[in-house]
Amino acid sequence: MYILKTRSEFDGAHFLKDYDGKCANLHGHRWVVTIEVGSEELETEGTSRGMVVDFGKLKEDLKNVTAGFDHMLLIEEGSLKPSTMAAMADEGFRMVSLPFRPTAENLAKHFYDVMAEKGYNVILARVFETPENCAEYR
């Protein structure tokens, strides 16, 4: 199988509601997302002949997905009071409300699913919270 891998990075903050530890408090990360896509066959026609997919398109698509998280506060839906959300929005804070807890594990599955919806044969999505710690979804 042929496998291609690309990565994208974004800065974002989060907290884990009802977590018993430091991550219950608001904090930020330099998130790194890698996506691996693959195929048994290479394209046989057109400008992508001899490729799994065009690296430029793969990289651009992943960057477009992660750009929506850059310099945002990642919030699990319902984890803050509506009045807190309204006050933060009124102050101009940019937030992304997610239907899941913003853990590296859940983000890895999210990026996997989004890239698969774009038509890629995703093999693996990996999300690093720190240079030493990551979660994978395959």
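Reply: Happy to! This is a predicted model, where local features need pLDDT of at least 70 and side-chain atom pairs count only at pLDDT 80 or more, while totals for chains, interfaces and linings use all residues. Residues are numbered from 1 along each chain as its sequence is written, and side-chain values use heavy atoms, leaving out hydrogens and water.

Me: How do you know that the span of helix H1 agrees with what it should be?

Reply: Helices (H or I, at least four residues) and strands (E, at least two) are DSSP runs, numbered from the N terminus. The expected span is 1.5 Å times one less than the number of residues. For the 13 residues of H1 (55–67) that gives 18 Å, and the end C-alpha atoms are 18 Å apart, so the two agree.

Me: Why is Thr103 called buried?

Reply: Buried means under 20% relative accessible area, exposed over 50%, partly exposed in between (1.4 Å probe, protein chains only). Thr103 has 14%, so Thr103 is buried. Thr103 sits in the loop between strand S4 (95–98) and H3.

Me: Which residues of H1 are buried, and what makes them line one face?

Reply: They are Leu58, Asp61, Leu62, Val65 and Thr66. Seen down the axis of H1, they fall within an arc of 130°, so they line one face; the arc is that of the directions from the helix axis to the C-beta atoms.

Me: What makes strands S5 and S6 a pair?

Reply: Two strands pair if DSSP finds at least two bridges between them. Four bridges join S5 (122–128) to S6 (134–137), and the strands run antiparallel.
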